[in-house]
Amino acid sequence: MKPRLSFAHLPTPVEALPRLSDHLQGPSLFVKRDDQTGLAFGGNKTRKLEYLLASAIAQKADTLITAGAVQSNHCRQTAAAAAKFGMDCVLVLFGEPQIPPDGNHLLHYLLGAETVSTSRENVQQKLEEVYQSAVSGGKKPYLIPYGGSNPTGAMGYVNAMLELAEQDIHPDWIVFPSSSGGTQAGMLVGARLTGCAGNVLGISVDKPADTLTNTVTDLADETAAFISKDWSFSTSEILVNADYTGEGYAIMGEAEIEAIQLFAQYEALILDPVYTGRAAAGMIDLINKGFFKRDETVLFWHTGGTPTLFASRYQERLLFKQSP
Ligand SMILES: *Cc1c(COP(=O)(O)O)cnc(C)c1O
């Protein structure tokens, strides 16, 4: 369909969650293990990077440049892909780094990336500076957008839906954390391609519903055009729930702690405090409210992010909260 390198561990398994389903007395729960995509602890960005790296290498790039938060999973997987293909990597990071670096930030260094820190407002300007200085230094940089979310990156989740179609599960709902929109946009295009009838429900991690809906709609349109499909998506068919953004991005609340403990203790599944913990908390609340029917099947798409558990800012509260 589009040039792609093959380095993720695919297909990722689909597993039943019988103990958790039973405990919650709700729909049948399953999980799609994209925390197991294999690239330096894996996650959803690995699928996007299979297409982004193919594009970078086709352009003979030798340096990857991208941006994200200090604990960015996207930056960690980008640094890993750069290392694997012998490229340089510059990460423009915003937020307060822990000293010594922990979680994903430790891995950014370990994977050999150069890091440049800036404020959230200055990211765009810093990216341009880094890009220009790579060019003046005789490098061929390739800029990967925030979260890897452009049509090339979103192809990772078009492909993921083709993969799911082969896995003999027909979920009524697919639930996952949504933020920069590439995962959701790719899933929507993939669902249309495969005739998947399940509802693709993104739990917003940090954006108001209308903002995320518009982002996903536009990116789904562009991704469809990218594979020469004359499709358009309307905002009314994009399912986004923004009720669980809590105190904001990367601020772990009680609901996330409970969801992380529940998944760990009922299914030995490790979630992360920023993305999957939040989406799981939302899914659990929706189950408790009777949003899903008992005879429905819900696939929780685990998008990864687990190294963030080992960021010291989260550890104390995860240790001392009572067990579920
Ligand atoms: C980036 C990320 C997401 C969000 O994916 P988008 O394509 O940006 O919407 C979800 N979960 C994890 C663990 C992530 O790192």
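Predicted model: local features only at pLDDT ≥ 70, side-chain atom pairs only at ≥ 80, totals over all residues.

Residues are numbered from 1 along each chain as its sequence is written, and side-chain values use heavy atoms, with hydrogens and water left out.

Q: How far apart are the C-alpha centres of domain 1 and domain 2?
A: The chain splits into domain 1 (14-43 + 151-320) and domain 2 (44-148), with bounds from an automatic or database domain assignment. Across the boundary, 30 residues of domain 1 are in contact with 26 residues of domain 2 (contact means heavy atoms within 4.5 Å). The distance between the two C-alpha centres is 24 Å.

Q: What is the volume of the largest pocket?
A: A pocket here is an open set of points on a 1 Å grid over the protein atoms alone, where a 1.4 Å probe fits, with protein on both sides within 12 Å along at least five of seven lines; lining residues have an atom within 4 Å of a point. Points are joined across faces, edges and corners, and volume is the space filled by probe spheres set on them. For the largest pocket that comes to about 290 Å³.

Q: Which residues that line the largest pocket are the closest to its centre?
A: Both domain 1 and domain 2 put at least three residues each into this lining. By class there are nine nonpolar, six polar and four charged residues (Ala, Val, Leu, Ile, Met, Phe, Trp, Tyr, Cys and Pro count as nonpolar, Asp, Glu, Lys and Arg as charged, the others, Gly among them, as polar). Of the 19 lining residues, the closest to the centre are Ala 69, Val 70, Gln 71, Ala 250 and Arg 313.

Q: Which element gives the largest share of the lining of the second largest pocket?
A: This pocket holds about 160 Å³, and its lining has six nonpolar, two polar and two charged residues. The largest share, three residues, comes from H7.

Q: Is Leu 127 buried or exposed?
A: Leu 127 lies in helix H5 (residues 123-136). Beyond its neighbours within four places in sequence, it is in contact with Ile 65, Thr 66, Ala 67, Val 92 and Leu 143. Buried means under 20% relative accessible area, exposed over 50%, partly exposed in between (1.4 Å probe, protein chains only). Leu 127 is at 8% relative accessibility, so it counts as buried.

Q: What is the relative accessible area of Tyr 314?
A: Tyr 314 sits in helix H11. Not counting residues up to four places away in sequence, Tyr 314 touches Ala 250, Met 252, Pro 273, Val 274 and Thr 308. Tyr 314 is buried, with a relative accessible area of 3%.

Notes: Helix = DSSP H or I, 4+ residues; strand = E, 2+ residues; numbered from the N terminus.
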